[in-house]
Each structure stands twice: as C-alpha cells, then as structure tokens.
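Reader: I would like a close look at one part of this protein. Please keep it brisk.

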Amino acid sequence: ERVGELIHGLVQRIEAGTVIMELGKTEAVMPRSEQVPSERYFSGQRLRVYLVEVHDTHKGPQLLVSRAHKMMIKRLFEQEVPEIFNGTVEIKAIAREPGARSKVAVAANQEGIDPVGSCVGMRGVRIQNIVNELNGEKIDVIPWDAEPATFVASALSPAQVQRVEINEDERTAVVVVPERQLSLAIGREGQNARLAARLTGWRIDIKSDAAIARAELEAWAAGGALEEGATEGVATNEDAAIATEEAAGLEAPAANPEAAQAPTEPSVDEAPAAQLQAADPSVGDPEVAAHLAEEKPAIAETESPSA
C-alpha cells in the first residue's frame, strides 16, 4: 500500500554496485539503473527514496526503491507546495535527467492562482528545498498550455522563441529562435531541447532566424536562375531556320582551300600575253624578255621584305 510514496531509509551496504537499504524492519534494493549518476552512496547514509514496487519472493517481499525516478520529483513538490498537495495546482508533465536537470509543467485549476509562482515560493524557498534534496539538480518550472505551439515555446525556456510551426500529422514542431539564442535553446549537448521534447511529446526542430533567411535567399536565387535558364532555352522557328543555314554553310567547306583564298582578280603573272602586249609594246620582244628574266630575282629580293 505504500508503493509510490517517499520513504526514509538507511544505507546498509553496497554489493556489486547495488545499494542495500534498511527500511524499518525490511530491506530494499536500489540497482544502478535507479541511482543518480552524480550521487555517491556509503554505509550509514540516510536517504529519501521513492518506492517503485514490491515483489513477493520465497525470502519474503523485496522492495525496489529509486532516486532517479521522475515521480520522485512529483512527490517532493507535493511535500513542499501546499497548492499541489490540495489540488489547486496540478503537475501536468515531468521530464527528468537525474542529477542534471528536470522540467516540470504545471497548471492552475483555480482562477487567480499563479502556478509557477506557487511552486517557486517566496524568494524561491520552495524550489530551493527540492533542489537541495536532489543535491543541486536544476529544475525548470514552466506553465502548461493546451495550445501546442505555446506549450512548446514555454518548454524551451529560458530561450526566447520567435515563432513555432506545428505539424499535427507528423507531430513535429519547427521552432525559430534568434541567432544568439540558438545555443541556449539547444542546451549543453542538446539537453534543453531533449527535455522539452519529452515534456511536450512533440518532436522539436530548432532553427535560427538567420539560417532560415539564408535558406530562403538561396532558394530565391536558385529559382531565379532556373527561370532565366528556361527563358534562354526557348528557340523560335526563325532561330531554328537560321541555325540550320549556318550549320549547312559550316558543313560544306571549299574543295581547294588555296583556291578559295586566292584573290578574285588575276595577277600580273596570270594575265594573257596579248593584253600585256597591248598595254606595253615591249611585251613579247625577245630581248626585253631576256632582260626582264635577268632582273626578276633582284626585284623579288627587293620586294619580299615589304611584302
């Protein structure tokens, strides 16, 4: 009948990492899985533990106790906060990493009551008593909200959230935070985001506003490049006809390149003898021809540099 309660016990001995505790007239065991990693236990130490379950064995009832169970947080709040004990304030959800940090979502069942202020107490006295019992474990008390976006934003406290986009079908939440708040929202080794996801039951994806702005800019630039490329790739029938003609001209090279590059007007050497003789009577005279033949090499040597 005492399962689920907090019980004071005395550490009797430690066997292979398992703590054996004396609870009045009976013994209880606390295996490694139920111990807080940051705590050290020794014989004669008095502890407050949470009674998880009772097994009936041939040696009698065997009690399983825990210091790492998340329900231990709830029982400590019930002892320290009268509003939770009488039901005025209700604990809606708890997420805990024993010895490191816990998040507790609370809601008021009566108007005019501040649930977070009731749990913290005057100058933080109530919450400090719980922290001392847990040997310095940090506890975040946040207000519970029926609206998922508001609840997720509160769960990431102390980080400031700009907006939350909820996907009901996939049960995911995309949270946008300022660039300077990104590391605070994620927490050391992702602890803050991990606890927020456990507390809310939503898969949380945290992004900075600067990263989203860069992604939108890159998407916009990529979309503009695609539109420009598509416009340049459109060809009309006239363009196709011109391209066909140019291709035909390129595919039909001249049969004799030297002949194609030769000047259209005949040179002096290729002119008919009758035309040259008509222009110059000396043409055709054997003596003049012999004289020109002797002087031709000298003329060629003189004109070649200028050419």
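Which strands does H5 lie across, and at about what angle does H5 run to E8?

Author: H5 lies across E7 and E8. Its angle to E8 is about 155°. Axes are lines fitted to C-alpha atoms, for helices over the stretch in contact, and angles run from 0 to 180 degrees between N-to-C directions. Contact means heavy atoms within 4.5 Å.

First, the basis. This is a predicted model, in which local features need pLDDT of at least 70 and side-chain atom pairs count only at pLDDT 80 or more, while totals for chains, interfaces and linings use all residues. Residues are numbered from 1 along each chain as its sequence is written, and side-chain values use heavy atoms, with hydrogens and water left out.

The protein has 12 helices and 11 strands. These are DSSP runs, numbered from the N terminus: helices are H or I with at least four residues, strands are E with at least two.

Now the sheet. E6, E7 and E8 form an open, mixed sheet in that order. E6 and E8 are the edge strands, each pairing on one side only. On average, neighbouring strands here are turned by 20° against each other, direction ignored. Two strands pair if DSSP finds at least two bridges between them. E6 and E7 are antiparallel, with eight bridges. Ile94 stands opposite Val104 in E7. Helix H1 (residues 71–80) also lies across E6, E7 and E8, at about 140° to E6.

Next, helix H7 (residues 191–200). Seven of its 10 residues are buried, so H7 is largely enclosed by the rest of the structure. Buried means under 20% relative accessible area, exposed over 50%, and partly exposed in between (1.4 Å probe, protein chains only). The buried residues include Gln191, Leu195 and Leu199. The buried residues of H7 pack against H5 (148–155), and also against E6, E7 (101–108), E8 (138–143), H6 (182–186) and E11 (203–208). Gly201 follows H7; its phi is positive, near 80°.

Glu97 belongs to strand E6 (residues 89–97). Its relative accessible area is 13%, so Glu97 counts as buried. Its side chain makes a polar contact of 3.3 Å with that of Gln191. A polar contact is a pair of N or O atoms within 3.5 Å; within protein, one must be able to donate a hydrogen and the other to accept it, and residues adjacent in sequence count only if both atoms are side-chain atoms. Leaving out residues up to four places away in sequence, Glu97 touches Ser102, Glu137, Gln191, Arg194, Leu195 and Arg198.
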